[in-house]
Amino acid sequence: DIKLGRQEHPKLVEQFGGEYENPRLQRYVAETGKKLARGTEYQQFPYQFTLLNTPIVNAFALPGGYVYLSRGLIALASNEAEMAGVLSHELGHVNARHTAERLSAAQMAQLGMVLGAVGGAALGLGSEAAQISQQIAMLSIQSYSRKQEFEADTLGVRYMSRAGYEPDAMVTFLSTLREQSIVDAKMRGLPAGSVDKFNMMSTHPRTKDRVEKAIQAAAVARPKNARIGRETYLAKIDGMLFGDDPSQGYVKGRLFQHPALRFQFQVPEGFRLMNGRDQVVAQNQSGAAIIFDTGKIQRSRDMASYLQNEWTPKTPLKDVERITINGQEAATGWVRGQSKGGGTVDLRGVAIRRNAQSVYRMLFVNPAKDSARLAQGYKETTYSFRRLSQAEASKIKPLRLLLVPANKSDSIGGLSKTLPYGKYNESWFRVLNDLKPNEGLPRNRRLKVVAA
């Protein structure tokens, strides 16, 4: 277990944005994890706790005691006990050896490849055509069984209680996860029944009832003066990065901006943007996707040559056309093919010169029956790509999670307007602050707000 975890640790960290470069917060997560690990069965494991630089809401573990929390999950939790509940649950999987049972050495060696290719499988396409970003890649980490989840919760409750934490924090955080999933489903235009596909609920299928039963099954005495640690926790996360990392660009509704590389583009109505380390992906409800990334130019002198001879050398494209996009050399062409599910799909590629050595690429993928309907939106997206001036790029600032007291003049609408979710800002604000749908602003505690 130890050898396998140590071997795969750097690969997994790289896949999920690297470590979040905040020593104080990394140390806090690690210290909390070590405190919990002292109550585990396998004391010979070299327990290591890593905060990952990704806005995905998830947590997972490798064999041998390697435990990971995402920056997105840390932003959702409301106190130290909730974070400890997640860490304890992952320690339960490690000590029950669920991770080792589920992932053989051969499977682990292929983890990076699977993470990259799963997006293509989701669309029914080859991985070369559509390697989708890390949000979709999370789906490749298979979910645990109901029995394994119950066992991990039972063990986690023991570890929490031994460390002096309130075990009910497992339940309160699960409620927050559920609320976030519902908001996320609304943003995607999906029914509430599909809310658990893209966050921790996809890899950890749990319900409040089962967690409450696990607390009873743990058969441990609740610690006296059980620790919640709300104020300590909020002080630690105050000022942390929220949402996208500046080095990877920003999603603002339908607009994607990259201040470091100085460009932006906008996707059509009905498409949800997701930002990854190497790619930006937008999807709609009907199975269409827009995949944006960069490529290297090996020998081509123009974009039409690159499009046909380097990007798709084995696939003859139709209607290859040289175009100009806001003053930049570009080319486009398309092809019709078959998905793995047997359906007919259309793929249109757009190559935009970045410099002499590299190119920006947009791949539009959709069921062939939708091509005519989507054509105008795709065209608008193509021609929305433009360079940003230095002055424009300098005005784009990263978002931070800040803790503020509520004033009498404050409103949920006012405090939530700087969130990047448009009409869903108020819903997200309520999730961040554990506020029910019709609940007003509390006046006796600090609140999480997001601002540049």
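What we have is a predicted model, in which local features need pLDDT of at least 70, side-chain atom pairs count only at pLDDT 80 or more, and totals for chains, interfaces and linings use all residues. Residues are numbered from 1 along each chain as its sequence is written, and side-chain values use heavy atoms, with hydrogens and water left out.

Let's begin with confidence. pLDDT is the predictor's confidence in each residue, from 0 to 100. The chain averages 86, and 88% of the residues score at least 70. Where is confidence lowest, and where is it highest? The lowest mean, 35, belongs to helix α7 (residues 111–123), while helix α2 (residues 23–37) has the highest, at 98. Over residues 105–140 pLDDT stays under 50. Where pLDDT is low, the predicted coordinates should not be read in detail.

A quick word on names: helices (H or I, at least four residues) and strands (E, at least two) are DSSP runs, numbered from the N terminus.

Staying with α2, we find Q26 there. Q26 is buried, with a relative accessible area of 12%; buried means under 20%, exposed over 50%, and partly exposed in between, using a 1.4 Å probe and protein chains only. Leaving aside neighbours within four places in sequence, Q26 is in contact (heavy atoms within 4.5 Å) with E19, Y20, F49, T50 and L51.

F49 leads us to some strands. Two strands pair if DSSP finds at least two bridges between them. Strand β1 (residues 48–52) pairs with β3 in the parallel sense over 5 bridges, and F49 stands opposite V67 in β3. Strand β2 (residues 59–62) is joined to β3 by 4 bridges, and these two run antiparallel. Here A61 stands opposite V67. β2 and β3 form a hairpin with 3 residues between them, and G64 in the turn has a positive phi of about 85°. Is β3 covered on both faces or on one? Both: Y66, Y68 and S70 on one side and V67 and L69 on the other are all buried.

Next, helix α9 (residues 146–162). With 17 residues at 1.5 Å a residue, α9 should span 24 Å, and its end C-alpha atoms are 24 Å apart, so the two agree. The expected span is 1.5 Å times one less than the number of residues. Among the buried residues of α9 are L155, V157 and M160. Just after the helix, G164 takes a positive phi of about 90°.

Now an open sheet: 3 strands in the order β4-β16-β17, with antiparallel pairing. β4 (241–242) and β17 (446–451) stand at the edges with a single partner strand each, so one side of each is left without a neighbour in the sheet. Strand β16 (residues 399–405) pairs with β17 over 6 bridges, and L403 stands opposite K448 in β17.

Last stop, N366 in strand β14 (residues 358–367). Is N366 buried or exposed? N366 is buried, with a relative accessible area of 3%. Its side chain makes a polar contact with the side chain of Y378, at 3.1 Å. A polar contact is a pair of N or O atoms within 3.5 Å; within protein, one must be able to donate a hydrogen and the other to accept it, and residues adjacent in sequence count only if both atoms are side-chain atoms.
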